[in-house]
Amino acid sequence: MPASALMTVMVNAVRKAGRSLSRDYGEVQHLQVSVKGPANFVSLADHRAEDIIFAELSKARPGYSFLMEERGLVKGVDDSHRWIVDPLDGTTNFLHSIPLFCSSIGLEREGQLVAGVIYNPVTDEMFTSEKGKGAFMNDRRIRVAARRTLDDCVVATGVPHRGRPGHAVFLDEMEGVMKQVAGVRRTGSAALDMAWTAAGRFDAYWERGIKPWDMAAGILMVREAGGFASDLDGGDDMLDKGDVIVGNKEIHRAMLSLVGATAKPPARQN
C-alpha cells in the first residue's frame, strides 16, 4: 500500500532521528549522561533525537500540539491534533549498548489515536499504522498471534526498577502469570513490546506506571493488527491511567483475568 502523506511525514521524522541515534549509539561510552531520577537516565541522544522529530513534524504540520518526553506539553494553535512523541524509548538499553530501543510517534485527532510509527534504527524495523488501514512492518502487513490458550503464549511486561513504586504488586502478578504461560520476556522498551505483540512475536504485553509517549503508537499498532488494547480495568483510559494490556481477543481477556485491576493476586508468602 502506498504511504499516505501523513505516514511519509512520520516515517521521515523517525528515520532522521534514527540516524542521529545510530551515531550516538556507536559512541555511547562518550555520551554525557545526567540523572533525571533514580535509574531514569537521560542522555544527549534523547534531546538530539527529540529536537529532530520536533523540527520535522513542526515543519510538515505547523500548529499541531505536542506531548513529548523531554519538552512535555507544547500547545499549538491546532487543538484538534496532538503528536505524542518518545524520541528514545529504551534509554537504559541504549546506554548499555543493548540494541533494543526505538523512536515512537503517535498522533491524536480529536482525542482519538489515528496514526503511529515505531522505529528501531539498529534493526531497521519500521512499524507503521493508520486508523482503518492496518499495521505494517517495513511495508509488510502484520497481525497479532492467533494462539488462544495462555499455556502456549510468550508474554512481555515491564519490571518496575529502583525508585519506581509497585514492586510488591508486580511480584504478585508475575507469580500468577508465570504459572500460566510458556514464557515471560522483558525487553526494556514498552513501544517495542507493543510493536512486537502487533507483529505476533509476543502474544500479550502488560505494564503499569508508564507514560502516554511510551504507548500511544503501540496501542493503535496492536488494534490495527487485529488485537485488543485496554487499561487494566478493561477500559480505554490507558494514556490517563498509565497502564496498558494488549493481545488478541482471547489472550487479552485471559491476561485481564490474571493482572487486571479486578483480579485478585495470590497472597504473598512470608
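Q: Where is Leu67 found?
A: In this predicted model, Leu67 is part of strand S3, which covers residues 64–68.

Q: Is Leu67 buried or exposed?
A: Leu67 is buried: its relative accessible area is 12%, and the cut-off for buried is under 20%.

Q: And what is Leu67 in contact with, leaving aside neighbours within four places in sequence?
A: Gly72 and Leu73 are on the list, then Arg82, Trp83, Ile84 and Val85, and finally Pro212 and Trp213.

Q: How far is Leu67 from Val28?
A: They sit 39 residues apart in sequence, and their C-alpha atoms are 26 Å apart in space.

Q: What does Met7 touch, beyond four places in sequence?
A: Met7 is in contact with Ala115, Gly116 and Val117, and also with Thr128, Ser129 and Glu130. Take Val117: it is 110 residues from Met7 in sequence, yet the two C-alpha atoms are 8.1 Å apart.

Q: Zooming out, then: how many helices and strands does the chain have?
A: There are eight helices and 15 strands. The radius of gyration is 18 Å, close to the 18 Å from the globule rule for 270 residues, so the chain is as compact as a globular protein of that length.

Q: What box do the C-alpha atoms fill?
A: Roughly 55 × 40 × 35 Å, along the principal axes.

Q: How much of the chain is buried?
A: Buried residues account for 54% of the 270. As for surface, the chain exposes about 12200 Å², with carbon and sulfur atoms supplying 51% of that.

Q: And the charges, how many positive and negative?
A: The chain has 33 positive and 35 negative charges, and the mean positions of the two sets are 2 Å apart.

Q: Back to helices. How many residues of H5 are buried?
A: Nine of the nine, so H5 (residues 190–198) is largely enclosed by the rest of the structure. Among them are Leu192, Asp193, Met194 and Trp196.

Q: What follows H5?
A: Gly200 does, with a positive phi near 85°.

Q: Now H4. What span should its 12 residues have?
A: At 1.5 Å a residue, H4 (residues 167–178) should span 16 Å, and its end C-alpha atoms are 16 Å apart, which agrees.

Q: Which H4 residues are buried, and what do they pack against?
A: The buried ones are Phe170, Asp172, Glu173, Met174, Gly176 and Val177. They pack against strands S11 (154–157), S12 (183–185) and S13 (204–207), as well as helix H8 (249–259).

Q: Which residue other than glycine has a positive phi near 50°?
A: That is Asn138, in the loop between strands S9 (134–137) and S10 (140–141). Asp124 is not a glycine either, and its phi is also positive, about 55°.

Q: Why bring that up?
A: Because most residues other than glycine have a negative phi.

Q: Where is Asp124 found?
A: Asp124 is in the loop between strand S7 (112–120) and strand S8 (125–130).

Q: How accessible are Asp124 and Asn138?
A: Asp124 has 37% relative accessibility, so it counts as partly exposed. Asn138 is likewise partly exposed, at 37%.

Note on methods. Residues numbered from 1 in each chain as written. Predicted model: local features only at pLDDT ≥ 70, side-chain atom pairs only at ≥ 80, totals over all residues. Heavy atoms only, no water. Helix = DSSP H or I, 4+ residues; strand = E, 2+ residues; numbered from the N terminus. Rg over C-alpha atoms; globule rule 2.2 N^0.38 Å. Buried < 20%, exposed > 50% of the residue type's maximum accessible area, 1.4 Å probe, protein only. Areas by Shrake-Rupley, 256 points an atom, 1.4 Å probe, with all protein chains shown as cover. Lys, Arg positive; Asp, Glu negative; His and termini not counted. Charge placed at Lys NZ, Arg CZ, Asp CG, Glu CD. Contact = heavy atoms within 4.5 Å. Expected span 1.5 Å × (residues − 1).
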